[in-house]
Structures are given as structure tokens and as C-alpha cells.
Amino acid sequence: LKKIFENKYSCLEAGDGEEAIAVLKENPGEVDLILLDIVMPNMDGKEFLRYKKDTPELDSIPVIMITADDSPEQQIHTLSLGANDYIVKPFIPEVVIRRVRNVLQYNRRFKEIIKEYNTMSQQVKTDLMTGLYNRGSAETLITQRLENGTGLHAMLMLDVDNFKKLNDTYGHAYGDRAIRAIAKKLRSLFRENDVVTRMGGDEFSVFMENVPSVEAVERKAQELCQKMSAIQVKGEGAAITCSVGVTIGEGGEDTFETLYKKADKALYNAKCRGKNMLSIYDKELSQATPNWIHDAETVLNELSDVIYICKKDSYEMLYMNDYACRFFGVTREHCVGKNCYEVLMREKTPCAFCPVARLSPERVFGGLFRFPHSSRVFLMRGKEMNWNGITAHLEVAVEMADIENLKTFLLEEAASDGTQ
């Protein structure tokens, strides 16, 4: 046999089954085909095949049995032992070569099919751009873990701030690079068994199972916000910031859908507070959110009045519209989360004349006011409101010059119509 295969294949030899096992262990992954005699000392062909079948790293190697008996019964018996084909003694070189070549070609194609199948299976489970889990596969996996898990778990939702603007300004190629950079950073920040997912577009999620404590999740979420802002994207572009929403649960009561909704609500709260923020779902956020809030930022940013919203019980700034940011010379990211008297009045303590205590959902407080850094006079109108489940103080400041101009305009219009 060795002479037949000279200059065609590299061959390794063994005198019996035990020697063959030793040769295979010395050359892992290098043997493509085994030619095996049924009759051998110490360990015969039948024993070797049983050992091979029970050994995963050897089981996929094809076998051609060597026999001197070409009866139909022997052929059937040979194949029933697990052989892929057989060769009858005495050898006919052309037949031996053809049978060996056929088995090798078949096995090679079989491996290609398995590889293609595994690739397709992986593609069905993953997001093609990032290699992360896609939403469908993540939902299945997280559902299984929730059904079997009893410990503390968490879901984090992450969304790129102003992603549409980044795409429109720097192009979709930059946006794609940013998505891949975020995916890479997420994989590096979390454990191997955490379910890191691209939910779609610029939205990602991470499911963490068996976390040690609530504090550990909060620290990881804070680290996530910091690391995301440090991402560098190849090519020109603006710095990337992300908003993060977190929900934490225990035991088997949660479902994928309930975790997703809670984390998504916390994420929306983070974006309402000025973006580049972290928000954790709690009882306060579990309150129903008025439908109009979902479009509030868009509307308020179009107005040419100073508008800001503060948390009623702590003076924490929750929102400033674009005009207010320009007027006070700050960015929303800089001021949201700070106390209103620090941002608006540049003071270290609450204002003595603050109307917050007198506000209610039914009562509107008003008056004329001049901010310390400006000589312009404003008509202030404030009231209590629910901002994304938070009891808040809404303040609208309309410049008196605008009111005077409007008054002049209305008088002129009335005069032209012959009315007063």
C-alpha cells in the first residue's frame, strides 16, 4: 500500500490498533484517512473502530477497511462496523487509488457543507455588521436563561446620542464605523457569557446573569458611559456619546419583554435628561409617561424662548432647550444633572425667591425677571408638571422685547383694519 501511494500522499504506519492510536495522538488534526485491516494483533480493526467512535477528535476521520474476503456478507459486515468503504486483497493499484480518492473527496465536500451550515447558522443568530447577537437570537437565549436562573440579573440598553445627525453630517460610512467601534468596545467591557446584542440601528443591549450586587451593575453602567465617550472612530467626525438605561431584577419573574421595556424606559429618561446620561429603572420611572413627552424635546427646541425643567424636590436640572443653552452659554450635557441655581444664577445655594414651593399642577406662577448675566427682562411663567414620570418644575421665560414687538405689531394690524 505504501508503494502505491508514493508521490501521491504522505503516509504514517502502525502495526496494530494500539500503535495507530499512538500515531494519531502524535499527529492531531493531520490525518485525513485511515486504511484499516480487520485482522491485527493486540487490538484488531473492530476494537479500533469502537475506540474511534467513542473518541470525538477521531470520529470524523473516514476509514477504508482492508479485507481478503470479498463476499457480499463480508462487505455488508465491513460497512456495518462504521467503515466508509473497503479494499479487497490482493490490491489492484488503480482501484485502491480511486477508492481512496473518492472517500477523500467526499469527506472534503462534507466538511465544506458542515462549515457552510455553521456559517449560515451563525449568521442567522448574529448581526452581520458587528458580529453581536441580533434581537431574535438574544430574545431566545435570554428567555432560556431567565427560565433557569434564580440569581440577580440586569439588562442595559444603550443608544448613540444624535446618531442621525452624525450620519447626515459625516456620512453613512462614518456611522457604520461608529457602530462597529461601539460593538467592539461592548465586547471588551463585558464577560464572555453576557449577552451583548445589537437590537437594531444604533441601539444595543447587554444582559448580565448572576451579577454579584446592584452596586456592581451600577458601577459597570457608569464605566460603560465613560468608555463610550472615549471611543475613537477612524476618519473625521464628532465625539461619540451614548445614553444608557438599566433595569435590575432577581429570580424567574422577569421575561425578556418586561426587562426590555423597563430598560428602554430608563434609556428614554436618560435621553430626556440631556443625553450622555445613565438612568436606572425604579419605582418613580414605573409611573405612566404622558404620550406627549415623546415629542416634547423636538417641539421645545424649535421655540425661541428660554425653557428649562428641574426636578422639584432637588433643584436638579432635567432639561434645557436649545435656545436656553445658547442664552446661558452652556451645553445640555454640561448643565443637565447640576442644580438649577448653579447653572442659571451661578450661585451655590437655592434662590431665596424660588417659587418651587408654591407651584402645583393647577397653579401657574408668573412675574418679570432679569438673569444676572444679562440686562434683558423676561416674563417668567412656571408650573409643576410630570416629566417622564418625575415631578418637575417647568419654567418658560419670554423676553419682554418680544412681547412689546408683538404688541406693536397687533396695534398696527388693528389700525390697518380700521379697528382698535
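How much accessible surface does the protein chain have, and what percentage of it belongs to carbon and sulfur atoms? In this predicted model, in which local features need pLDDT of at least 70, side-chain atom pairs count only at pLDDT 80 or more and totals for chains, interfaces and linings use all residues, the accessible surface (Shrake-Rupley method, 1.4 Å probe, with only the protein chains shown counting as cover for residues) comes to about 23,700 Å², of which 51% belongs to carbon and sulfur atoms. Residues are numbered from 1 along each chain as its sequence is written, and side-chain values use heavy atoms, with hydrogens and water left out.

The protein chain has 15 helices and 13 strands, taken as DSSP runs numbered from the N terminus (H or I of at least four residues for helices, E of at least two for strands). Of the 420 residues in the chain, 44% are buried, a term that denotes under 20% relative accessible area, as against over 50% for exposed and the range in between for partly exposed (1.4 Å probe, protein chains only). Among contacts (heavy atoms within 4.5 Å) between residues at least 6 apart in sequence, 59% join residues at least 24 apart.

The buried residues of α8, including Tyr174, Ile179, Ile182 and Leu186, pack against β4, α7, β5, β6, α9 and β7.

Aromatic pairs, defined by ring centres within 6.5 Å for Phe, Tyr and Trp (its six-membered ring) and classed as stacked under 30 degrees, edge-to-face over 60 and tilted for the rest, come to 11. Phe256 and Tyr260 form a stacked pair, 6.2 Å centre to centre with 10° between the planes; lying 4 residues apart in helix α10, they are separated by about one helical turn, and both are buried. The pair of Phe328 and Phe371, with centres 5.1 Å apart and planes at 85°, is edge-to-face. This pair links Phe328 in helix α12 to Phe371 in the loop between β11 and β12, 43 residues apart, and both residues are buried. Phe327, Phe328, Phe369, Phe371 and Phe378 form one aromatic cluster.

Charges also sit over rings, a term applied where NZ of Lys or CZ of Arg is within 6 Å of the ring centre and within 35 degrees of the ring normal. The charged end of Arg135 sits over the ring of Tyr260, 4.5 Å from its centre, and Lys220 lies over the face of Phe190, at 5.5 Å from the ring centre.
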